[in-house]
Amino acid sequence: MITNRVVDQAIDYILQHREEEINLDDVAGHCHFSRYYFCRLFKDQTGESVYGFIKRVKLEESAFRLKVERERSITEIGADYGYSPSNYSSAFKKHYRMAPAMFRRKSYQQSMEHPFFHHEEWRTESFEECSRKITVKQIPDYRVAYERHFGSYEELSRDWSRFIEKNRTYITEETRFLERTYDDPAVTETERCLCDICMSVGKDYPSENTRIIHGGRCAVYHFKGHAKHIYAAYQTLFLVWLPGTMYQLDPERNLFDLYHMVDYDTMYMELDICLPVKERA
């Protein structure tokens with residue numbers, strides 16, 4: 001868990017400016033810390049250098065866009081993150097051990113080994129099956145208390161238990177539980193995935209660890225089933241549903257899950273996957 005507020009703010013700053021040329025001095029300056037002290041603090045919390053983190057999130061975001069923005073060229077996407085064609089190919093190969101074109105082709109596969117439930121294959125749904133579970137609608141903003149975690153999404157049930165117990169005093173019938181994920185495990189190494197676990201709170205919540213999760217127009221996939229099938233639902237949205245619609249992801253907002261029911265004994269869940277969308281230009 002990221003426990004230092006300054007590192008938390010630094011991660012937000014990097015994610016918000018990942019399509020720009022930013023460096024250690026920019027991030028340390030934003031956080032009002034000296035370069036030397038901030039470097040140590042960031043690595044202690046994340047296990048990565050500031051430079052390494054910036055480079056990684058740029059490459060992984062570009063890889064995700066190779067996957068979901070099929071109409072755009074590899075050169076265009078690389079340029080969005082400050083790479084020339086040759087430099088992008090070289091940096092991409094070093095990180096993924098394959099060229100961007102090969103990665104894009106492989107990302108279109110609609111079944112393979114599950115990243116969490118190993119030795120279990122997953123498959124995407126058809127466009128028609130998926131569409132029956134989706135409502136495109138306006139989602140409200142949520143003021144939330146949150147914790148930020150790095151690591152495999154399969155371990156979040158343990159983090160959720162601690163989070164709920166710590167905040168039990170503030171949970172009411174109106175409380176909503178949300179999970180904001182920043183990474184696609186098909187693109188990012190599972191142990192480096194970033195996630196905020198959240199619960200809606202009022203203005204009287206006594207903590208600095210609050211923020212607004214912006215809703216807006218979302219494609220809402222109504223999921224009911226075992227936790228192991230959530231990954232396939234996400235991949236269906238990315239690989240099957242989005243390419244067949246008038247919509248594209250809105251990069252200004254993060255996707256999130258809104259939980260309605262969880263049975264921890266059976267891992268049966270009912271939740272809404274809220275995918276921020278806008279009409280294609």
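Guide: A helix axis is a line fitted to C-alpha atoms over the stretch in contact, and angles run from 0 to 180 degrees between N-to-C directions. Helices (H or I, at least four residues) and strands (E, at least two) are DSSP runs, numbered from the N terminus. The model is predicted: local features need pLDDT of at least 70, side-chain atom pairs count only at pLDDT 80 or more, and totals for chains, interfaces and linings use all residues. Residues are numbered from 1 along each chain as its sequence is written, and side-chain values use heavy atoms, with hydrogens and water left out.

Visitor: At roughly what angle do the axes of α4 and α7 cross?

Guide: The axes of α4, residues 50–68, and α7, residues 100–107, cross at roughly 55° and come within 9 Å. Therefore α4 is oblique to α7; angles under 35 degrees count as roughly parallel, over 145 as roughly antiparallel, 65 to 115 as roughly perpendicular, and the rest as oblique.

Visitor: Is the crossing of α4 and α7 right-handed or left-handed?

Guide: Handedness is left if the near helix is turned anticlockwise from the far one by less than a right angle, and right if clockwise. For α4 and α7 the crossing is right-handed.

Visitor: Which residues of α4 and α7 meet?

Guide: Contact means heavy atoms within 4.5 Å. On the α4 side, A63, R65, L66 and K67 take part, and they meet P100, F103, R104 and S107 of α7. The contact of α4 with α7 divides by class into 4 nonpolar, 1 polar and 3 charged residues. Here Ala, Val, Leu, Ile, Met, Phe, Trp, Tyr, Cys and Pro count as nonpolar, Asp, Glu, Lys and Arg as charged, and the others, Gly among them, as polar.

Visitor: How do the axes of α4 and α6 cross, and at roughly what angle?

Guide: The axes of α4 and α6 cross at roughly 95° and come within 11 Å, which means that α4 is roughly perpendicular to α6. From α4, the contact uses R56, L59, E60, S62, A63 and L66; from α6, it uses Y88, A91, F92, H95 and Y96. By class, the contact of α4 with α6 has 7 nonpolar, 2 polar and 2 charged residues.

Visitor: How many residues has the largest nonpolar core?

Guide: A nonpolar core is a set of buried Ala, Val, Leu, Ile, Met, Phe, Trp, Tyr and Cys residues joined through side-chain atoms within 4.5 Å. Buried means under 20% relative accessible area, exposed over 50%, and partly exposed in between (1.4 Å probe, protein chains only). The largest nonpolar core has 48 residues, and F92, Y221, L237 and W241 have the most contacts inside it. At least two residues of this core come from each of α4, α6 (85–96), α9 (156–166), β6 (194–200), β8 (216–226), α10 (230–241) and β11 (268–279). The largest share, 6 residues, is supplied by α10. A second, separate core has 22 residues, including I2, V6, Y13 and V50.

Visitor: How many residues of α10 are buried?

Guide: In α10, 12 of the 12 residues are buried, so this helix is largely enclosed by the rest of the structure. Among them are Y231, L237 and W241.

Visitor: What does F92 contact beyond its neighbours in sequence?

Guide: Leaving aside neighbours within four places in sequence, F92 is in contact with residues including L59, A63, L66, R97, P100 and F103.

Visitor: Is A91 buried or exposed?

Guide: A91, a residue of α6, has 12% relative accessibility and therefore counts as buried. Apart from residues up to four places away in sequence, A91 touches L59 and Y83.

Visitor: Where is a positive phi found in a residue other than glycine?

Guide: Most residues other than glycine have a negative phi. R97 has a positive phi, near 60°, and lies in the loop between α6 and α7. R97 is exposed, at 78% relative accessible area. M267 also has a positive phi, near 65°, and is found in the loop between β10 (256–263) and β11. M267 counts as partly exposed, at 22% relative accessibility.
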